[in-house]
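Hello,

Here is the structure I said I would pass on. Please look it over first; my notes follow below.

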Amino acid sequence: MTKAAVELSGVTKHFGEVVALKGIDLAIADGEFFSLLGPSGCGKTTTLRLIAGFEFPTSGSIQIHGKEMALEPPDARPINTVFQSYALFPHMNVERNVGFGLQMKKVNSNEIATRVGRALDMVQLSHRANAKPDQLSGGMQQRVALARALVNEPEVLLLDEPLGALDLKLRQQMQIELKELQERVGITFIYVTHDQEEALTMSDRIGVMDKGELLQVGTPKEIYESPTSRFVADFIGDISLLAVSVVSPTEVRLSGGGNVPADTSNAGDGSHWLALRPESLHLVSAAADVPDGMVRIPGKVRHRVYYGDSYFYDVETTAGSLDVRQENRPGLPTFDAGTELMVWWNPAAGSLVTA
Amino acid sequence: MRKPAFEPGLEKAAEAAERRRGFLLGLPAYVYLVVFFAVPFFIVFVTSFARRSATGATKYDEFSTSAYVKLLDPLVGTIVWRSFWIATITTAVCLLFAYPFAYYIATRRPAVRNALLVLVMIPFWSNFLVRTYAWRFILGSDGPLGTLTEAMGREPFRLLFTPAAILIGLVYGFLPFMVLPLYAAIERLDWRLVEAARDLYADGWTAFRKVTLPLTRSGIIAGSLLVFVPSFGAYVTPAILGGGKDLLLGSYIVTQFGQARNRPLGSALSIVIMAVMLVALMIRNRSGAEEI
């Protein structure tokens, strides 16, 4: 990894009696698209505000490109923020909003005009340069907020749920635009969201937070496919959790009896679960149809839900209930509620999680 | 037979009933304003075009603009100018004191905030006249300052009956009218905008000038109007604390209705002041809406 753009070490934050952050260690690489993901109140926004300088940590260090900045005010940091509510200045038009940062940095007015023009071109809003924020749609305001931050060419851009207020279509479109933009400008993005899909599709790496702790940091693939804790497994996507006990480095015992293969090398202390994604589980009518080397377990269909592109099954087994997603493809069998069948999965698809 | 439910204009009857209810709710206030504001205003307006007889009686027998002509008298000009200055300084001093205080209140946590607001309002619980007389003692030669200077072996220091005393009294009396609208405006401010300004490299003072101040402008204007207008025509405070040496507008108008027995002149002056205020307000509103 190259030199970290932002590095937090041992950062805690208390608000009176409330402990918002319990000691965050995190290094975000230069040019990385990093997402902080977690439910509301998990501390992700507090982390962002500490990096921006709107709050100061109770303890710990915050370095930006190797320089200690934990106690510097926001205007001393080479960082800009895209706010959740956009926070556009209502008394200034789009042009003056976008030019505000450059004006504060005493850039000469010719250069401000050129750079603001370029930034507005980039977000395709040149034709609304004289509009006031309240005359723009939510999507346009969002793009103004983005231009207002990027025009300053910050070393790090912080984004606090910037797409939260947009409707689904626009949000999906903006996700793609944001990701493209980040790749083009090469600025480090730190993106706060509670939307796991957003985090999975856009990020180079994701940090999952809960109750003031950073639980797991990894690529979207690692986070989704190899969660290490029950919370991360449960928070991201649909997942079935089977209570298990570790019996050997390669085997676990299901609560209903029976050992199944699973990699337990990373198992920590505490209770253990085998986490299985709905799409990695398969249904067949008889044990004979299960490919060799796969884990199998008998079960009974409790519900079936039609999703158009797929069927969703709730299957009851002796080890617990399993959520199974099967593609809706011609030739693939479907099962009615009450059907007895076999569920199977590739042992590599299950992850052992701890709580 | 029942009417078909799709008959056009079906909703009209319900809307009319709604309007009637609205009118009834407004009626008491409406009547009150007509009787106690519109009618007296009309009387003053008519009187301003009346004529003062040689004995000082008000004659409505002919249309006369003599009262308005009299307003051009340099004495009236001096009085208006002096009142204007006193009101301007009062407004400026109130603004200077009230803004930081309102800012302080608005940024406290809710419990402290409410306590401070109550403190601002406490003076309203006692009589204005009594409070102004209290100032008469404080500022007089028997007051703390006078006693102190006397103890030091000097002439007892007295502010009473000076323009400074009027100013102190007016600022004291009208400060809450400045604090409250400012508080309301600052409390409504979206602090994320200030954070955004700080994020965009503005230091604290610049963020205040570029964001906080313009966005609380409505409070500054409202407060300034609430202080300036009554200060301009103030009567009680100058009468009690000013000693009637330098005549101000309020006293001058009262004199016209009283001793001078010149109601048309008093009325004309009142009408002109009101007209000037109205025009100033209109200009302010028009330019204010477009600017910033």
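**Contacts between the chains**

The side chains of Arg198(B) and Asp75(A) meet in a salt bridge, with 2.6 Å from N to O. A salt bridge here is a side-chain nitrogen of Lys or Arg within 4 Å of a carboxyl oxygen of Asp or Glu. Between chain A and chain B the count is two salt bridges.

This is a predicted model, in which local features need pLDDT of at least 70 and side-chain atom pairs count only at pLDDT 80 or more, while totals for chains, interfaces and linings use all residues. Residues are numbered from 1 along each chain as its sequence is written, chains are lettered from A and ligands numbered from 1 in the order in which they are written, and side-chain values use heavy atoms, with hydrogens and water left out.

In total, 26 residues of chain A are in contact (heavy atoms within 4.5 Å) with 17 residues of chain B. By class, the chain A side has 13 nonpolar, seven polar and six charged residues. Nonpolar means Ala, Val, Leu, Ile, Met, Phe, Trp, Tyr, Cys and Pro; charged means Asp, Glu, Lys and Arg; the others, Gly among them, are polar.

The two chains bury about 2,000 Å² between them, 62% of it on carbon and sulfur atoms. Buried area is the accessible area (1.4 Å probe) that two parts lose on being put together, summed over both. Asp75(A), His91(A) and Met104(A) supply 30% of the area that chain A buries against chain B, more than any other three residues.

Regards
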